[in-house]
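Good morning, everyone, and thank you for coming. Please have a look at the sequence and the model as they come up, and then I will take you through them.

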Amino acid sequence: MSAEQFIGRWKLVESENFEDYLKEVGIGLILRKAACAAKPTLEIKVEGDRWHVNQLSTFKNTTLDFTLGVEFDETTPDGRQFKSTITIEDGKVVHRQKKVKESDHDSVITRWFEGEKLITTLQSGSVVSRRAYIRE
């Protein structure tokens, strides 16, 4: 796996169990419904170990800038805060979110390729959501 594979614009085409994941991490009903209705596009740019990921949707646009393997402060689109680290493990990009507030929940977001699709799983506790993107 090379980081260059991830570069480009990716459109959400499949989503399974996303609302259950959002419920597990404590997102309220109205925000869950809005997030589930959104069909985000990911824009990924990579410069060495530095990554820039823009998530664009009618719900909310977010930007994630990080260096592989270096912990950073992350605020999710719904306002939760984490200490996050993103690494490459076994050909997958693994994003670990460690809660800052006791009421929040840790998550692991994993991205990899299956054929031409960029697969993303979001896991918190025993709940796993799977989402698939295709290149625009």
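This is a predicted model: local features need pLDDT of at least 70, side-chain atom pairs count only at pLDDT 80 or more; totals for chains, interfaces and linings use all residues.

Before anything else, a contact here means heavy atoms within 4.5 Å. With that in mind, residues 24 or more positions apart account for 36% of the contacts in the protein chain with a separation of 6 or more. Residues are numbered from 1 along each chain as its sequence is written, and side-chain values use heavy atoms, with hydrogens and water left out.

Let me start with the overall picture. The protein chain has 2 helices and 10 strands, where helices (H or I, at least four residues) and strands (E, at least two) are DSSP runs, numbered from the N terminus. Read from the N terminus, the order is β-α-α-β-β-β-β-β-β-β-β-β. Along its principal axes the C-alpha trace spans about 35 × 30 × 25 Å. Of the 136 residues, 40% are buried, which is to say under 20% relative accessible area, with exposed meaning over 50% and partly exposed lying in between (1.4 Å probe, protein chains only).

Now to the pairing of strands, where two strands pair if DSSP finds at least two bridges between them. Which strands does β10 join? Strand β1 (residues 8-16) is joined to β10 (residues 127-135) by 6 bridges, and strand β9 (residues 117-124) is joined to β10 by 7 bridges; both of these pairs run antiparallel. Within them, E16 stands opposite R130 in β10, and I119 stands opposite A132 in β10. The hairpin of β9 and β10 has 2 residues between the strands, and G125 takes a positive phi near 60° there.

A second hairpin is formed by β3 and β4, with 5 residues between them. Strand β3 (residues 50-56) and strand β4 (residues 62-67) run antiparallel and are joined by 6 bridges, and Q55 stands opposite T62 in β4.

Finally, let us turn to one residue, T87, which is found in strand β6 (residues 81-89). Why does T87 count as partly exposed? The reason is that its relative accessibility is 21%. Leaving aside residues up to four places away in sequence, T87 touches L68, G69, K92, V93, V94 and R96. The C-alpha atoms of T87 and V70, 17 residues apart along the chain, are separated by 8.4 Å.
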